[in-house]
Amino acid sequence: MSGSTRNTGEHATLEQALARLNFKPRSLEPGHVWLAGAGPGDPGCLTLEVLAALAEADALVYDALVSPDVVAVASAAELFYAGKRGGQPSMKQDDITALLVRLAREGRRVVRLKGGDPYIFGRGGEEALALAREAIPFRVLPGLTSGLSALAATGIPATMRGINKAVILATGHAAGTDDDIDWAAIARTGQPVVVYMGMANLPLIAAALLDGGLAPSTPAAVIVAATTPRERTVVATLATIAEEVAAAGLASPALIVVGGIVAMRAALAGKA
């Protein structure tokens, strides 16, 4: 008989499992900045590299969507809140970048912690570019982007054979302005779209996708605070999603999902 044998004794503890990984994190050096992603919210979504970086940091610059439990991991760090929330007083991006540069030049071990992934609508690219221009050594630690992990956490597969061949990640904060994206072009692709930062403009976005040719019956969902105890999901159609969300009293942080993949949620739960 071929094949490997397994130890059928007691299950390994978490500590033993981590030891078997032989994971050796890189050291966070003084004067360096690591741009790290905290994932969608649940501390269980942290990567090992981000967890190790938090333990080493002596300066933590963190965003509004990072949970207190994750911030608490950086127990030796001085904390600098740099959260941005729509419609609320927020630290300017230039000031955040200047803070990162100053802390690095002071010889601090800096972790810049963002919700999701630093390079997906997190302005991580802007901060990395600024650090590069100032000759500040930096590294990017990827995180689970909310636009995909939130779907998985709530029972919506981002891709499904027979439904879609692509998924579009978009930002909705500029809907209805001269800086808006071409929602009609997105609608014409027929592929699902996941919209970040669009809750305030949900009626405008839904109307623009309908005007672009999507059927009123297209499945749609809004996911609030995915993977956290506050998680809520409303499923409706593109024609009714804005009304349903308003009636449910949902608020940011939230993702909007539009497309046939949303219908899989009920199917996977045995309700369709």
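**Close-ups of a predicted model**

**View 1. T97 and its contacts.** Skipping its neighbours within four places in sequence, T97 is in contact (heavy atoms within 4.5 Å) with E127 and A130. T97 sits in helix α4, residues 93-105; helices here are DSSP runs of H or I with at least four residues, strands are E runs of at least two, and both are numbered from the N terminus. With 13% relative accessibility, T97 counts as buried, meaning under 20% relative accessible area with a 1.4 Å probe, protein chains only.

**View 2. The open five-stranded sheet.** The strands run in the order β6-β7-β10-β8-β9, with mixed pairing; two strands pair if DSSP finds at least two bridges between them. β6 (168-171) and β9 (232-237) are the edge strands with a single partner each, so one side of each has no neighbour in the sheet. From one strand to the next, the twist averages 20°.

**View 3. β6 beside β7, and the helix on the sheet.** Four bridges link β6 and β7 (residues 193-196) in the parallel sense. T171 stands opposite Y196 in β7. Helix α8 (residues 202-211) packs on the sheet and touches β7, β8 (219-224) and β10 (254-258), its direction making about 15° with that of β10. Axes are lines fitted to C-alpha atoms, for helices over the stretch in contact, and angles run from 0 to 180 degrees between N-to-C directions.

**Notes for all views.** This is a predicted model, with local features needing pLDDT of at least 70 and side-chain atom pairs counting only at pLDDT 80 or more, while totals for chains, interfaces and linings use all residues. Residues are numbered from 1 along each chain as its sequence is written, and side-chain values use heavy atoms, leaving out hydrogens and water.

Conventions:
Buried means under 20% relative accessible area, exposed over 50%, partly exposed in between (1.4 Å probe, protein chains only).
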